Amino acid sequence: MFDGIGFAYALNMAGIPIIVAEGVSKTFGTNQVLTRVSLPVMERDVVCVVGPSGSGKTTLLRCIALLETPSEGRIVMQGTAISTPQQEKPVKAAARAVRSDIGMVFQHFNLWPHMTVLENLIEAPLRVKKLPKDQAVASAETLLAKVGLSDKRDAYPARLSGGQQQRVAIARALAMAPKVLLFDEATSALDPELRREVLLVMRQLAQEGMTMLVVTHEMNFARHVGTRTVFMDRGEIVEEALGSAFFDSPKTERAQRFLQQFED
Amino acid sequence: MFKYQFRWDTVWGSFDFLMAGLQMTLIVSGITLVLAMLAGLVIALLDMSKFPPARWIGVTFGEIIRNTPILVQLLWVYYVLPIVFGVRIESLVALVIGLSLYQGAFISEVYRSGIQSVPRGHSEAAQVLGLTPLQNFVRIVLPQAIRMTLPPLASNFVQLIKFSSLGAVISVSEITRRGMELSATNFRPLETFTFIAVVYFLICWPLAMGIRWWERRLQAQ
């Protein structure tokens, strides 16, 4: 097998990655969920992480989002370590500095139900970036227009459909102008007919050059929108390929078996 | 029983005397609710503390209070604290202290379950967006937790009104105590205690109904 980092550098020698997982392992108790996973994400990359459930995809994403501390290895953002097993003081300080450069969209949206759509969007820009209110509102309105929900500005999340809630959640993440946007199975909690509207927004972001790391079960999205596909199984990266190559000619038997499930 | 001659006039004649007791009951309940909410906050913070000794104190205190009778606690505060600290405690103060600690131990659980009812994902979303832990608690967790705790807190107030009648045994001059004093002079316990029960009911029942309606409305949201 190849070394993940070397492989990616070979793909895209220009520049340093925006964010890298370097040899990340994670154990919960005695349960090893990730085993030395290395994954660099370059600028404008749309990396899709696929694999069976329980393969560690979400845990990897949560380590990169700084929601979990790796048991081994580290997360590096533009050359600076932002998460290590010991979480030393300089690492924590570095993490605080880049915290809002990493956006995340959750499977269950996690909108704040006691705030309107607009309040959800301006909360972090007001409190974290300390933007003036009119400026935060103006950019929130632009983002709502972008995800097609201008008319829901003053609605509470509970009044929206799942697809609309997820689009608001994407707008909320974009409001901090992140350098990389992580998607944790963003369409898995949605009814099939509501997935499309979310996938369309994600596709549009990809086309605009947003750097994205997408954990997904949407093989079509990975195949047609992803610039790179990473296949994980049992806590390891088993295979990775550019563009649609992973789907056209999976190399490993595990990947072939995984992809068979999606054939009708 | 059938030959009993009701003498409600013995109650009406002392109406003002009893109502002054009711006033005391409500004052005690109101003050105690505020103190119990503060005591509950302290106990909840101890319970959720990162420091094991603090947690141990909070948990032990809560368990002792919740698993001993309130009447024994009141007697203990009234008779034992003066021995330990060598100061005489007013019966009213003893009642307020005893009830506050007792209700506080229950209210701390209300707070805790309120905070735990907020899905973790909500604060994770805030964390990823860069909110500090304090901002996260104040802006995201607390507003949602408070909504969940208001109806149980109101229920606690109803309970306090009823428990304050225990003040009678340490001679706090609230409505039950006054009823005991009245029936000892008019020899009409039936009328006296029936009247007092009705007064409690007329206060507690509408409150309880209102809370139920309020809870349903919150759930519907």
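Here is a short walk through this predicted model, starting where the two chains meet.

**Stop 1: the interface.** Select chains A and B and colour them separately. You'll find 15 residues of chain B in contact with 24 residues of chain A. About 1700 Å² is buried between them, and carbon and sulfur atoms give 63% of that. On the chain B side, pick B:V128, B:L129 and B:R139: these lose the most area to chain A, together 39% of what that side buries.

Now show the polar side of things. There are 7 residue pairs in polar contact between the two chains, and 2 salt bridges across the interface. For one salt bridge, zoom in on B:R139 and A:E123, whose side chains meet at 2.8 Å, N to O. Helix 6 (120-129) and helix 7 (133-163) of chain B are the elements giving two or more residues to the side that touches chain A. Of the chain B elements, helix 6 gives the most, with 8 residues.

**Stop 2: along helix 6.** Select B:R120 and B:E124, a salt bridge at 3.3 Å, N to O. They sit 4 residues apart in helix 6 of chain B, so about one helical turn separates them.

**Stop 3: over to chain A.** A:R223 is in helix 8 (residues 219-224) and A:D248 in helix 9 (residues 245-248), so the bridge ties together parts 25 residues apart in sequence. Next, select A:R254 and A:D233, with their closest N and O atoms 3.3 Å apart in another salt bridge. This pair links helix 10 (residues 253-260) to strand 9 (residues 228-233) of chain A. A:R254 is partly exposed at 25% relative accessibility, while A:D233 counts as buried at 11%.

**Stop 4: back to chain B.** Show the surface and select B:I27, B:I31, B:V34, B:L35 and B:L38, a nonpolar patch with about 430 Å² of accessible area together. B:L35 belongs to helix 2 (residues 15-47) and is partly exposed at 36%.

Finish at B:S113 in helix 5 (residues 91-116). Its side chain reaches the backbone oxygen of B:V110 at 3.2 Å.

Notes. Residues numbered from 1 in each chain as written. Chains lettered and ligands numbered in written order. Predicted model: local features only at pLDDT ≥ 70, side-chain atom pairs only at ≥ 80, totals over all residues. Heavy atoms only, no water. Patch = residues over 30% accessible without salt bridge, like charges linked within 9 Å, V, L, I, M, F, W, Y side chains within 5 Å. Areas by Shrake-Rupley, 256 points an atom, 1.4 Å probe, with all protein chains shown as cover. Salt bridge = Lys/Arg side-chain N within 4 Å of Asp/Glu carboxyl O. Buried < 20%, exposed > 50% of the residue type's maximum accessible area, 1.4 Å probe, protein only. Contact = heavy atoms within 4.5 Å. Buried area = accessible area lost by both parts, 1.4 Å probe. Polar contact = N/O pair within 3.5 Å; in protein donor to acceptor, adjacent residues only side chain to side chain.
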